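This briefing concerns a single protein chain. The overall fold is treated before two local sites.

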Amino acid sequence: MAHSSAVYDFVVAIIRGMPVDEGTLQRACNAPARMWRRVLGFEGCAPQVDARVRASGHAAALPEFVRALLREATASSLQHGILAHRQLSEIAELAARSGTRVLALKGAAQLVGGQMPGVRSIADIDLMVPAGDGARFHQLLTSELRYASSGPAYPHHLPVLQRPGGLSIDLHVRLSDAPVALDTMIWSGTRTANVGSGTIELPSPTNMVLHALEHGLALNWMGRYRLRDVLDVAALYASDVCTGDVREYVSSSPARRACETVLSAAHDLEPRVPLFGSGAWRRIRRISRARLAVGALPANPRVAERLFRYAGLVAEGSPRSIVRAGREAVRRLAGMR
């Protein structure tokens, strides 16, 4: 636990631009490579940490294997960003030919919106189309652009699409397993961006923030408070985000407390983000350190991920989330039988 906590505390201090005390730095430097991989992997923010470590002057104090991990994460993010731009260019042209509205989400939206490749990790391309166009456009991607379906469909998106040498595509018809108000709202006030010789739609600045919250706290409810979600909210909170709309949406969200916690933590990085109270970072740190302490133990990454999620739920202490997790576990066991 000491090693995972030290690595996590170092990463948080670097992200927040805070001084790193000598004891934390020494314990983090003594942590094994697997511990660094787990913390950076679970938190999903290695490229951002790489940039901030180099800017802070702490890079020289870190072991070479840590610097190599961070460099590799940034290089992978850069490569994936370039691939995403190429694929999105083809998809934008196909959307124009077929008369389909296509909305970029998450990392794809940030890239198309002007973010430089390599700044944030991107593992796949998330797109959304109107529900009535989902099956048709999914078929066009397979027939026109040589993607192949992989795995089952989910309530919120069609089967994942893959092709050699490219990023996989998640084609959404809604944003989460259960319908949410943002499913409809996200199509209002969209912007268009040029991608290659085509164009693709982006959510409004306000809806970009709301989707970051919805994705990180509602869809991925068992992995709340990852550092990447806090960083995303801070990075997306531009001057044209309507804080009144954000407050209104959060006030009616079933994940209200979690939304307020992430927004308040992001306020520390970007003052334009509304502050709902003190103690956000203390809460995130308590939950994250508890789940990392458990998730860092197993050698098997899949087992580690599952323990990471369940330990976080226990540490969060939400009866509603714990009951929901129990129901999910029962469904999973029933399906295995």
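How many helices and strands does the protein chain have? The chain has 15 helices and 7 strands, where helices (H or I, at least four residues) and strands (E, at least two) are DSSP runs numbered from the N terminus. The model is predicted: local features need pLDDT of at least 70 and side-chain atom pairs pLDDT 80 or more, whereas totals for chains, interfaces and linings use all residues. Residues are numbered from 1 along each chain as its sequence is written, and side-chain values use heavy atoms, without hydrogens and water.

**Overall dimensions**
- The C-alpha atoms of the protein chain fill a box of roughly 60 × 45 × 45 Å along the principal axes.
- Of the 337 residues in the protein chain, 52% are buried (under 20% relative accessible area; exposed is over 50%, partly exposed in between; 1.4 Å probe, protein chains only).

**R291**
- R291 belongs to helix α13, which spans residues 280-295.
- R291 is buried without a salt bridge (a side-chain nitrogen of Lys or Arg within 4 Å of a carboxyl oxygen of Asp or Glu).
- E43, the nearest side chain of opposite charge, is 4.3 Å from R291; Lys and Arg count as positive, Asp and Glu as negative, and His and the chain ends are not counted.
- The R291 side chain reaches the backbone oxygen of R224 at 2.5 Å.

**Surface around V303**
- V303 lies in helix α14, residues 301-316.
- V303 counts as partly exposed because its relative accessibility is 41%.

Notes:
Polar contact = N/O pair within 3.5 Å; in protein donor to acceptor, adjacent residues only side chain to side chain.
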